[in-house]
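Subject: Structure for you to look through

Hello,

I am passing on the structure we spoke about, with some notes on what was found in it. Please open it first and keep it beside you as you read.

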Amino acid sequence: MTIAIMGAMPEEIAPILEKVGEYKTTSYAGNNYYEAQYKGLNLVIAYSKIGKVFSTLTAATLCEHFGAKKLLFSGVAGAISSDLKVGDLIVATKLAQHDLDITAFGHPFGYVPEGAVFVESDKELNSLAYEVAKEMQKPLQEGVIATGDQFVADEARKNWIGNTFGADALEMEGASVAVVCDALNVPFFILRAISDAADMDASFSFDEFLETSAVQSAAFVMNMVDKLAQK
Ligand code: SAH
């Protein structure tokens, strides 16, 4: 089975490439895709570049061109919930686009006709994540993740997103990956380690913790892959 592992930035997939060791690099549609044999699985690994458009392209390519049958996303996010601190892990139960707005026509935020405000992630992968968390003795919080083409470094915007979508964390790729995988019937899993609190210090916190948080998330996702390899 082919499993995709995706991040948005090089830092998010570097620890994964390091773990798999040898891989074949293919350039496609402006990105590099790294294919590896790992414990009997075919892995295809890529970072998309930041934001909803690039992540849509990469997720669709991973599924349609490389034939991924499951997709695991590993990366960092800003916390909305005060329970989430830098380095903590959150798995998305459902995702929404916080910057999608045709409310002028009476629709709710995050909604367009024939779409849905929330896309739910795969329950089986999420419950596998709980097994992994237990074995790692690592706390794992689940919650709603809100996605938009905006680095949020503003308390008011963050609170608005939290209140409007019931979101616990925010980032810039999860919901677009979710839309692609949902449309293509590819079970997906979105994991984020907190890098900042989406407040006025967010950019400094992000720069300081990107690498360590990305490593936390990647290590967890690789344990998920190990579990999938055992099945
Ligand atoms: N420092 C980078 C830009 C990072 S953008 C540069 O200069 O090139 C932030 C990235 O981390 C996105 O991929 C997003 O998914 C995630 N992220 C972490 N904290 C975030 C926040 N507060 N708001 C939005 N995205 C955040």
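In these notes, Ala, Val, Leu, Ile, Met, Phe, Trp, Tyr, Cys and Pro count as nonpolar, Asp, Glu, Lys and Arg as charged, and the others, Gly among them, as polar. Sorted in this way, the residues of the shell around the ligand divide into 11 nonpolar, three polar and four charged. Please bear in mind that this is a predicted model.

Of the 18 residues around the ligand, those that come nearest are V152, L170, M172, E173 and D196. The strands β5 (70-79), β9 (169-171) and β10 (188-196) each supply at least two residues of this shell.

Looking at individual atoms, you will find a nitrogen atom of the ligand 2.9 Å from a backbone N or O atom of V152, while an oxygen atom of the ligand lies 2.9 Å from a polar backbone atom of M172. The side chain of R192 has an N or O atom 3.4 Å from an oxygen atom of the ligand. On its own the ligand has 570 Å² of accessible area, and the protein covers 77% of that.

Best wishes

Note on methods
Residues are numbered from 1 along each chain as its sequence is written. This is a predicted model: local features need pLDDT of at least 70, side-chain atom pairs count only at pLDDT 80 or more; totals for chains, interfaces and linings use all residues. Side-chain values use heavy atoms; hydrogens and water are left out. A residue is near a molecule or strand if one of its heavy atoms lies within 4 Å of it. A polar contact is a pair of N or O atoms within 3.5 Å; within protein, one must be able to donate a hydrogen and the other to accept it, and residues adjacent in sequence count only if both atoms are side-chain atoms. Accessible areas come from the Shrake-Rupley method with a 1.4 Å probe; for residues, only the protein chains shown count as cover. Helices (H or I, at least four residues) and strands (E, at least two) are DSSP runs, numbered from the N terminus.
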